[in-house]
Amino acid sequence: MRKLITGKQFDEERALYNLKQADVNQCVFAGPADGESALKEARDVCLHNCSFSLRYPLWHVKGFTMADSTMDEKTRAAIWYAEDGVITDSKLEGIKAVRECSRIRMERCDVESQEFGWKSQGITLIDTDIVSEYPFFDSRDVKLTSVKMKGKYSFQYMENLEITDSELDTKDAFWHSKNVTVRDSIVKGEYLGWFSDGLTLINCRIIGTQPLCYCKNLKLINCRMEDTDLAFEYSDVEADVRGHIISVKNPKSGMIMADSVGEIIRENPVMECTGEVMVREKNKK
């Protein structure tokens, strides 16, 4: 039989430690005792309409849901080493909100966390807004759908990432990443994708200076590029670009096709560069 905890306030250390098979409704985790780790080592718990303002509340939790809840900026390092969780219609504001977790699904959430999603596996975000300086560092098997993200150094050292129908406003995204596919999305930022291996962009709008350099196995399919200068330096690339590229510099290998290119720069390469750049022939009337 499940335990029901409703309408209570907790502020002591490990207030609900190792709680099992329980529904926690309309509870507040805050107060003068300033205790940490409120639900550490919990198993099979459902949190609904709860508010958190204490550190480390969901560490080593297995099998949990959280809905219509808030974790404020004082909820530091909220969810670490957790497994099999679903978070819906909630707000997470504390730094380092999710780390070293497995199989966490978030839908219709609002996240503001500087180091979100580090060293995790099997994270899914759907219809979620996120602001994060270093999101998803060194994580794998991540899926983002209908996500709006504002970041700086996003998706570094990631492996197996799928992004669909999203808006990414981020600097230095996908550095040293492997096996990344981005579809039907806007990707805005400086120095996109450097040192990546297996980055594929499909039906994307790419905005920003010096994108896609030092890449291996890079593919662009039916993409548009805006304000993109000095692109593709030292990259192995197959690109089909609709529209204009300001400049392409020293592509290492492969083929870049575009409607127009402002400048093709071939100067002072530090390695052999045989990549071709071609302008698409317009249909004659």
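**Reading the model step by step**

Author: This model is predicted. With a relative accessibility of 26%, Leu230 is classed as partly exposed, because that value lies between the limits of 20% for buried and 50% for exposed.

Reader: Where is Leu230 found?

Author: Leu230 belongs to the loop that lies between strand 26 (218-226) and strand 27 (236-241). Leaving out residues up to four places away in sequence, Leu230 touches Gln210, Cys213, Ser247, Lys249 and Ile265. Cys50 is 180 residues from Leu230 in sequence, and the two C-alpha atoms are 50 Å apart in space.

Reader: Thr228 is found in the loop between strand 26 and strand 27. Is Thr228 buried or exposed?

Author: Thr228 has a relative accessible area of 0%, and therefore counts as buried. Apart from neighbours within four places in sequence, Thr228 is in contact with Ile206, Gly208, Pro211, Ile245, Ile246 and Ser247.

Reader: How should I read the pairing of strands?

Author: Strands of a sheet pair through backbone hydrogen bonds, in either a parallel or an antiparallel sense. Here, three strands make up an open sheet with the order 7-10-13, and their pairing is parallel. Strand 7 (58-59) and strand 13 (98-99) are at the edges; each has a single partner strand, so one side of each has no neighbour in the sheet.

Reader: How many bridges pair strand 7 with strand 10?

Author: Strand 7 and strand 10 (residues 79-80) are paired by two bridges, in the parallel sense. Trp59 is placed opposite Trp80 of strand 10.

Reader: Which strand is joined to strand 16 by four bridges?

Author: That partner is strand 18 (residues 140-145), which runs parallel to strand 16 (residues 121-126). Ile126 stands opposite Thr145 of strand 18. Strand 18 also pairs with strand 20 (residues 159-164), in the parallel sense and over five bridges. Leu144 has Ile163 in strand 20 as its bridge partner.

Reader: What kinds of residue make up the lining of the largest pocket?

Author: The lining of the largest pocket comprises five nonpolar, three polar and five charged residues.

Notes
Residues are numbered from 1 along each chain as its sequence is written. This is a predicted model: local features need pLDDT of at least 70, side-chain atom pairs count only at pLDDT 80 or more; totals for chains, interfaces and linings use all residues. Side-chain values use heavy atoms; hydrogens and water are left out. Ala, Val, Leu, Ile, Met, Phe, Trp, Tyr, Cys and Pro count as nonpolar, Asp, Glu, Lys and Arg as charged, and the others, Gly among them, as polar. Buried means under 20% relative accessible area, exposed over 50%, partly exposed in between (1.4 Å probe, protein chains only). Contact means heavy atoms within 4.5 Å. Two strands pair if DSSP finds at least two bridges between them.
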